[in-house]
Amino acid sequence: MEKVWKTIIEPFRVKTVEPLCFTTQAEREKVLQKAAYNVFAIPADKVLIDLLTDSGTGAMSAQQWGAIMRGDESYAGATSFFVFEKAVRDLTGYHYILPVHQGRAAERILMSVACGPGKTVISNSHFDTTRANVEASGGAALDLPVPEGLDFDVPAPFKGNMDVAALERSIRKIGVKNIPMVIMTLTNNSLAGQPVSMANLREVSRICRQHRIPLIIDAARFAENAFFIKLREPKHAGRSVREIAQEMFSLASGCMMSAKKDALVNIGGFLALNDAEWVARCRELLILTEGFPTYGGLAGRDLEAIAQGLVEVLDEHYLTYRLRSVAYLGDGLRKAGVPIVEPPGGHGVYVNAKKFLPHIPPSSYPGQALVCELYRTAGIRSVEIGSLMFGRRCNGAFVPAPMELVRLAIPRRVYTQSHIDYVIEAFADIAQRAQKLRGLRLVEGPQRLAHFTAKLAPETA
Ligand code: F0G
C-alpha cells in the first residue's frame, strides 16, 4: 500500500511568479473609505490575498502556455477550433460544440432560444447570471434544493442535490409544456459549492426523460463535483474521475460551461448540445453577438488553452490537492471558532456571518461588515453573499436575504498552504474581537445587483 501523507503537497512547482502587494493597515483604512466599503471598488494592487472569486483567476500550466503559442487565429475553420471541439466532445459526449466568451453568454443564447414568457426553468439552484438570463427572456427560475442544503451546520455528503419529490410535484403543477429545461448546477455554487451525487443526477435524469424535458448541466465546476462523487459515493470509488465525469454528462442532453473555473483558463466557455434544432437557432445568435461558430468570441489561443485545461483538471493529484486545500481552510476556521457552512465546498469556504456576528442584524449587513474587517485587518478580499447581494429594498422596507454568508473562493493553483495559513491567522485575530465589530448602512445602491456598485458607511455607535 502506498503511504498516505498528511502534508498537502501542491502538485506543481513554480515557474513564473507575480509579486503580492503589501499595504499598511492605515492605507487599507483609506482604501476602504474611498471604495465606500464595497470591495468591488478596491483596485487589485491594494489586495494581498484575493478570494473574491475562483472564476478566471486561476494559473495556467506550462503546457497551456505552450498551447497558446499553437493558437491558429484563422477566422473560419481554425485548427484550434477542432482541437477544442474534440476535447469537449470526448469529455461530454455531446455532438454540437459552440464556443462562447464566458458562461453567461451560453446562458443568454440558450435562454433566448428555449425559454421565454410563461416558461419556468427548474434547477437545484440557479447561479445568479443563469437566473438573470432566464428572467431576462421573460421566464421564471425555480430552485429546488434538498432541505439539508439549507441547514448550514449539519454536514452531509451531497448537499447540492435536487429535491426530486419537489421536482415531480412542480412538473405536475407547472405542466411539461411550460418547462423548457431542468438545469443541474455542478457543484451548486449558490449553496456553498456543495456537490450533487450521481444517484441524484440519475434520478433527476430519469424524471426528465420520462417527461421528455431536456436536462442541461451547468458544468462550471464539473471536475470538482466528479471527484466528490469518487470520494463520497462508494460505488464510484474505484473509477477514474474522467469516467465519472463522462457518466455525469451522459445523463443529460447538453451542458453550458464557464471555462473560467474547471477548464483552468482566464476566459472562455461553451455550449454543448445534441438537439439539432436548438443548435441551429443558437448558432444564429452566436454569429450575431459572439462571433463565427469556430471561434465564438474567443481567440484561437484561448480554445487551445481550454482543450488542455479540460485534460489537466481531471488529474487526480490536482483534484486531491484542490479539495484538500479548501478543506484545510475549513478546518483552520473551525478551530479558530469561526462558524462555516459545513462541510466546505469544492471551490471555497463560506463563513456564516449571521452566526459569527449575531449582534449585527441583517439590516446592518453582517456579511459585508466581516468582508470589510477582513480587508482592513489583513488585506484579504472576499465577497458577501447575503442581504447586500440578495436583500430587497422596496419602498423603504428592508427584506433580508435568507442567509448572511461570506465566500472565500480559492483561485486554482494560485495560492500555497502558507497563504491559506495567513488567512486562518487573520480570522483567528478577528474572532477574538468579533463582538466589537460594527455594522454598515447603505448610503446608495440600485434596486437590483446592488452589491457591485453600492456605497456603504460604518454605523456609528
Ligand atoms: N454558472 C456558475 C455555477 C457560476 O458559478 C458562474 C460564474 C456562471 C455560471 C457564469 O459564468 O462568469 O463565465 O459568465 N460564477 C462566478 C463566481 C462569477 O464568482 O462564482 P461566467
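Helices, labelled H and at least four residues long, and strands, labelled E and at least two residues long, are runs assigned by DSSP and numbered from the N terminus. The views below show a predicted model.

The ligand is surrounded by 16 residues, and the closest are Thr53, Arg104, Asp218, Ser258 and Lys261. Which helix gives the most residues to the shell? Helix H4, which spans residues 103-114, makes that contribution, with three residues.

An N or O atom in the side chain of Arg104 is 2.7 Å from a ligand oxygen atom, and an N or O atom in the side chain of Arg221 is 2.9 Å from a ligand oxygen atom. A nitrogen atom of the ligand has a polar side-chain atom of Lys261 at 3.0 Å. How much of the ligand is buried by the protein? Of the 480 Å² that the ligand exposes when taken alone, the protein buries 93%.

Asp54 belongs to the loop that runs between strand E1 (49-50) and helix H2 (62-70). Is Asp54 buried or exposed? Asp54 is classed as buried because its relative accessible area is 1%, and the cut-off for this class is under 20%. The side chain of Asp54 makes a polar contact, at 2.9 Å, with the side chain of Arg221. Arg221 also has a side-chain N or O atom 2.9 Å from an oxygen atom of the ligand.

The structure contains 11 aromatic pairs. One of them joins Phe81 and Phe82 in an edge-to-face arrangement, with 5.4 Å between the ring centres and 75° between the planes. Phe81 has a relative accessible area of 6% and is therefore buried. Phe82 has a relative accessible area of 45%, so this residue is partly exposed. Ring pairs link Phe81 and Phe82 with Phe84 and Phe270 into a cluster.

**View E. A lysine over the ring of a tryptophan.**
Lys3 lies over the face of Trp5. The distance from Lys3 to the ring centre is 4.9 Å.

**View F. Two cis peptide bonds.**
The bond from Leu186 to Thr187 is cis, and its omega angle is near -15°. Thr187 is part of the loop between strand E5 (182-185) and helix H7 (198-211). Glu342 and Pro343 are also joined by a cis peptide bond, with omega at about -15°. Pro343 is placed in the loop that separates helix H12 (316-335) from strand E9 (348-352).

**View G. Leu264 and Tyr365, two residues with positive phi.**
Most residues other than glycine have a negative phi. Leu264 is not a glycine, yet its phi is positive, at about 55°. Tyr365, likewise not a glycine, has a positive phi of about 55°. Leu264 counts as buried because its relative accessible area is 3%. Tyr365 is buried too, with a relative accessible area of 3%.

Leu264 and Glu312 are 48 residues apart along the chain, and their C-alpha atoms are separated by 8.1 Å. Ser253 and Pro402 are 149 residues apart along the chain, and 32 Å separates their C-alpha atoms. Ser253 is located in the loop between helix H9 (241-250) and strand E7. Ser253 is partly exposed, with a relative accessible area of 29%.

Technical notes. Residues numbered from 1 in each chain as written. Predicted model: local features only at pLDDT ≥ 70, side-chain atom pairs only at ≥ 80, totals over all residues. Heavy atoms only, no water. Near = heavy atom within 4 Å. Polar contact = N/O pair within 3.5 Å; in protein donor to acceptor, adjacent residues only side chain to side chain. Areas by Shrake-Rupley, 256 points an atom, 1.4 Å probe, with all protein chains shown as cover. Phe/Tyr/Trp six-rings, centres within 6.5 Å; stacked < 30°, edge-to-face > 60°. Buried < 20%, exposed > 50% of the residue type's maximum accessible area, 1.4 Å probe, protein only. Lys NZ or Arg CZ within 6 Å of the ring centre and 35° of its normal.
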